[in-house]
Each structure stands twice: as structure tokens, then as C-alpha cells.
Amino acid sequence: MIRAWVTGAADMDARLDRIRSEVEVAVRLSMGRACLMLQRHIQQNKLSGQALNARSGQLRASIIARPVTEVNGLLVGEVGSTLSYARMQEEGFHGRIAVRARLKQGRKFGKLGKQPRPAGNRVVHLKPHAFLHGALREMGEPARKLLLEGLKRGIHA
């Protein structure tokens, strides 16, 4: 018969609990940094000429990195836009959109004036410009490195 005793099991459990919480905090911080890095890459590169050329800067300004959350035991980091037309730019769009009535500034017969434009539908054919997915593909490896460094920091803390 072989007998064995484990001494210090309570200390080991406490140490493992502490390591788990430190790893979670370090990975959460690293994921937040990775989201901010992705946001910056999208704004500086993708929306400044690589995928889309900025006209007004509204789309670039609308790109946000939301705080890292936990969903069903998984840490989730989100980077996206709050504008309604961002999805159309990202994925492309073929269809009709409603256009409001407006006054258009124009020149008619040498006179500057406002010309009414009626409301109606307009057919739109927009090619996809993958500024979010493209940036995620490009920044995937640097983001993985950031997460791995955070994991190592949490384990060795």
C-alpha cells in the first residue's frame, strides 16, 4: 500500500486563484490595447487612402473601440462605427434608397439660384470597401502578440 499526503493544498489553491485573476486582468488590458491599436490603424490608414478616401471625416471620427466585456465566459473587444452607412461602405450595397426633397444650389442660364429637387428613390450600386475586415486581417498578428504578452505578464505576476 502506498500512502501520499499533499501539504500546502490550501496555499496552492489560493495561489492558483490569484494567478487566474491576474491573468484575466492582464488579458483584458491587452485586449483593450489591441482594440485601440486596431481603431488607430483603421482611422489613420484605412480611412485615409488605403480602402476609402475621407471626404468629410465623419466615418473616420465615428470609429470607436468599445470597452472589453465578458459574454458567456469570453472576453469580447469591439471596434466599429456608429454611422448607419458604415455597413454599406464595408460590405457594399446594391438597391434603392429613399431621398428627401431638398433645394439644390445650382447655376441655370448664368444665374445662381436654388432649384427644388423632389423626394423619391435612388438606385445605388456601391462596391465594398473592407476597411474594418481588412484592418483586422492586417493587425491580427500584432494583436495576437499583445494578447500573448499580457498572458505572460499575468502568469509571471
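Leaving aside neighbours within four places in sequence, with which residues is K127 in contact? In this predicted model, K127 is in contact with Q89 and G92. The briefing below begins with the chain as a whole and then turns to individual residues.

**Overall architecture**

- The chain contains four helices and six strands, and from the N terminus on these elements follow the order α-α-β-β-α-β-β-β-β-α.
- The chain is more spread out than a compact globule, because its radius of gyration is 26 Å, well over the 15 Å that the globule rule gives for 157 residues.
- Along the principal axes, the C-alpha trace of the chain spans about 105 × 25 × 20 Å.
- Among contacts in the chain with a separation of 6 or more, 63% are accounted for by residues 24 or more positions apart.

**Surface and charge**

- Of the 157 residues in the chain, 25% count as buried.
- The accessible surface of the chain comes to about 11800 Å², and carbon and sulfur atoms contribute 56% of that area.
- There are 28 positive and 12 negative side chains in the chain, and the centres of these two sets are 22 Å apart.

- H41 lies in helix α1, which covers residues 9-44.
- H41 counts as buried because its relative accessibility is 13%, under the 20% cut-off.
- The side chain of H41 is joined to that of E138 by a polar contact of 2.7 Å.
- The side chain of Q39 reaches the backbone oxygen of I63 at 2.9 Å.
- When residues up to four places away in sequence are not counted, Q39 touches I63, I64, A65 and V79.

**The loop between α1 and α2: N45**

- N45 is found in the loop between α1 and α2.
- With a relative accessible area of 28%, N45 is partly exposed.
- N45 and T7 are 38 residues apart along the chain, and their C-alpha atoms are separated by 57 Å.

**Helix α2: L59**

- L59 is found in helix α2, made up of residues 58-62.
- L59 counts as buried, at 10% relative accessibility.
- Not counting residues up to four places away in sequence, L59 touches L47, L52, S81, L83, Y85, A86 and F131.
- One of these touching residues is S81; the C-alpha atoms of L59 and S81 are separated by 7.3 Å, although the two residues are 22 positions apart along the chain.

- N72 has its place in the loop between β1 (63-71) and β2 (74-81).
- The phi angle of N72 is positive, at about 55°, although N72 is not a glycine.
- N72 counts as exposed because its relative accessibility is 78%, over the 50% cut-off.
- K127 is placed in the loop between β6 (120-126) and α4 (131-156), and at 61% relative accessibility K127 counts as exposed.
- Although K127 is exposed, K127 is in contact with Q89 and G92 when neighbours within four places in sequence are left aside.

**The segment before α1: R3**

- R3 is found in the segment before α1.
- R3 is exposed, with a relative accessible area of 60%.
- R3 and R40 are 60 Å apart in space, C-alpha to C-alpha, and 37 residues apart in sequence.

Conventions
Residues are numbered from 1 along each chain as its sequence is written. This is a predicted model: local features need pLDDT of at least 70, side-chain atom pairs count only at pLDDT 80 or more; totals for chains, interfaces and linings use all residues. Side-chain values use heavy atoms; hydrogens and water are left out. Helices (H or I, at least four residues) and strands (E, at least two) are DSSP runs, numbered from the N terminus. The radius of gyration is taken over C-alpha atoms; the globule rule is 2.2 Å times the number of residues to the power 0.38. Buried means under 20% relative accessible area, exposed over 50%, partly exposed in between (1.4 Å probe, protein chains only). Contact means heavy atoms within 4.5 Å. Accessible areas come from the Shrake-Rupley method with a 1.4 Å probe; for residues, only the protein chains shown count as cover. Lys and Arg count as positive and Asp and Glu as negative; His and the chain ends are not counted. The place of a charge is taken as NZ of Lys, CZ of Arg, CG of Asp or CD of Glu. A polar contact is a pair of N or O atoms within 3.5 Å; within protein, one must be able to donate a hydrogen and the other to accept it, and residues adjacent in sequence count only if both atoms are side-chain atoms.
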